[in-house]
Amino acid sequence: MIALKQWGIAAAAAGAFALEWWFRRPVRTPDGTTAAPLARAGADSIPVIGVLSRLKSVITDPVGLVVRNRARYGDVFTLRVPSIYDFTFLLSGEHYQRVLSLPTDHAGIGEVLHRVPTVGYWFPRERTGPETLQELILLGRRLMAEMLPGTAVSHLPDTVPGIVERHTTRWLRTVDLSAAVHPIVYEVTCRYFLGDELWDRLGDRLTTYYRHIGDGIDIPRTTLSITPFHYLMPEFHATRKLYRMIRDELPAFDDAQAPLMRAIDTARLHDAPLSQADRLWMFMYVLWNATTYPGTYTYWTLIDVLQRPRLQEGLLTLDSRPARQELLSRCLMETVRMHPVSSLIRYLDKPYEFVHDGKTFHIPAGQAVGVFPGTLNREAHRVPDQPDTYDPDRYLRDPAPKVATFGRGPFGCVAQRFSETVTASVVDELLQRHRLHLLAELPVRRERVHQTYPGSPTPARLVSR
Ligand code: HEM
């Protein structure tokens, strides 16, 4: 019995030693180059416990983790994370430009989104694996860009009053904004892609499913989603229901009636039409983009405006709809600037080298590089005039602030104008119809990695104008 106990202790000690060795193991780089420092600020530097502390920060506070390590290691450092490749963060604006402009066969996102539930796994596609996922993502990005020409987007505000009216007539005197705003947004964006007939048939179910699926990109949930607990997760069941619904109901629908179906019909991958599995995946992916960020960022833009009575008053003095929407587009920019999709990650298929402080740094292939709007957007030399203050008028001043809000390069957002139009028209229509008074303390804002929906209700009193 005693011998067994001693064996147990020895095995635990060996395991802890191996873990610690792995956590500190240096990155090898070619002669004449140097590796980024392995960063272990705060509790991450405590032997053995540091690995657990790192894991906890990655899951619960990814933005704080980068900020803490920046204070100790500067703008270039590597974070080692259990069970995944190393992440080297490059925090200066120069790398934001350079890394995001690298070609897709050098720095891709297939490996990154491959780890995101629904899009990366759970929802079937013809072939699994990060490379084929990236091909579909690039095809989807092109398809969405072609579906968002300026002329079509400029007509979108005309659809909003009817949609807002239908939703708000069901609202009571007190409304929970955390549950009431996103269905409006989803209807506006999805009607745009699906057309009226398909939305009328599927819209209610799409709204329920995508709200759950959107939660799946919150990091603690993404972590849980690769454990057996995923059977308890609403987003897992929502993905299955979504898949079954579109598999069973789309074939009976006349594609000519739905812009997205027409676009999918003409899409080509390796000069061939998409397989049936990839057609369904593409349908899911376009609506995933159309709902995930617009839903939460419109909610938070509305909250940011409601918290600032002077901004609201100024808005209401503007008679013309275009003038109000121009101001509200700047409000969205400011909401996204202050709480952006805080890290943009690329997986390296080839090494990335750069000179920093007179040394040539080498990040090997097989690692990820991350640029970080989370800190860039608060830097005084990029955003002059009190970067920590919410100020939509900063975009009117010269020089304009340099903000990192919608990405750039081959994986940059194709829908900035569309998103501004959607958020501005929905918030404008809500505020034109109602006075909304927030009734409770605001929920905590969580950035993991984008700004997620709040974790608790946001009750507001509604007074019709
Ligand atoms: C407020 C709303 C939105 C924000 C803040 C936002 C932000 C972003 C950001 C930061 C990226 C770059 C990601 C990276 O470099 O890794 C991106 C990429 C992209 N966005 Fe958006 N986006 C929004 C809305 C939309 C909408 C409505 C669509 C389409 C209907 C869309 C489609 C895309 C696509 C196709 C990409 C490139 C592929 C990818 O990175 O997944 N986005 N977006």
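Visitor: Why does Thr118 count as buried?

Guide: In this predicted model, Thr118 has 26 C-beta neighbours inside 10 Å. A residue is buried if 20 or more other C-beta atoms lie within 10 Å of its own, so Thr118 counts as buried. Its place is in strand S4, residues 117-118.

Visitor: What is the phi of Thr118?

Guide: Phi of Thr118 is near 70°, a positive value, and the residue is not a glycine. Most residues other than glycine have a negative phi.

Visitor: Which other residue has a positive phi although it is not a glycine?

Guide: His270 is one, with a phi of about 50°. His270 sits in the loop between strand S7 (268-269) and strand S8 (272-273).

Visitor: How do you know whether His270 is buried or exposed?

Guide: The count for His270 is 5 other C-beta atoms within 10 Å. The cut-off for exposed is 12 or fewer, so His270 is exposed.

Visitor: What makes Arg330 partly exposed?

Guide: Arg330 has 18 other C-beta atoms within 10 Å. Buried needs 20 or more, exposed needs 12 or fewer, and partly exposed lies in between; therefore Arg330 is partly exposed. Arg330 belongs to helix H16, residues 321-338. Leaving aside neighbours within four places in sequence, Arg330 is in contact with Pro392 and Tyr395.

Visitor: How do you know which residues of helix H4 lie on the same side?

Guide: The buried residues of H4 (residues 93-101) are His95, Tyr96 and Val99. They cover an arc of only 110° around the axis, so they are on the same side of H4. The elements they pack against include strand S2 (87-90), strand S9 (344-348) and helix H17 (373-376).

Visitor: What makes the bond between Asp398 and Pro399 a cis peptide bond?

Guide: Omega is about 0° for the bond that joins Asp398 and Pro399, and the bond is cis. Pro399 is in the loop between H17 and H18. The peptide bond from Arg448 to Val449 is also cis, with omega near -5°. Val449 lies in the loop between strand S13 (434-438) and strand S14 (459-464). Most peptide bonds are trans.

Visitor: How do you know that the radius of gyration agrees with a compact globule?

Guide: With 465 residues, a compact globule would have a radius of gyration near 23 Å. The protein chain has 24 Å, which agrees. Its C-alpha atoms fill a box of roughly 75 × 55 × 50 Å along the principal axes. Of the 465 residues, 37% count as buried.

Visitor: What is in the largest nonpolar core?

Guide: That core has 99 residues, and those with the most contacts inside it include Phe193, Phe283, Met284 and Val426. Its largest share, 18 residues, comes from H14. Leaving aside neighbours within four places in sequence, Met284 is in contact with Phe123 and Leu242.

Visitor: Which of the residues around the ligand come nearest, and what classes make up the shell?

Guide: Of the 22 residues around the ligand, Asn289, Tyr293, Gly407, Cys413 and Ala415 come nearest. By class, the shell has 16 nonpolar, 5 polar and 1 charged residues.

How values were computed: Residues are numbered from 1 along each chain as its sequence is written. This is a predicted model: local features need pLDDT of at least 70, side-chain atom pairs count only at pLDDT 80 or more; totals for chains, interfaces and linings use all residues. A residue is near a molecule or strand if its C-beta atom, placed from the backbone, lies within 6 Å of it. Ala, Val, Leu, Ile, Met, Phe, Trp, Tyr, Cys and Pro count as nonpolar, Asp, Glu, Lys and Arg as charged, and the others, Gly among them, as polar. A nonpolar core is a set of buried Ala, Val, Leu, Ile, Met, Phe, Trp, Tyr and Cys residues joined through C-beta atoms within 7 Å. Helices (H or I, at least four residues) and strands (E, at least two) are DSSP runs, numbered from the N terminus. Two residues are in contact if their C-beta atoms, placed from the backbone, lie within 7 Å. The radius of gyration is taken over C-alpha atoms; the globule rule is 2.2 Å times the number of residues to the power 0.38. The arc is that of the directions from the helix axis to the C-beta atoms.
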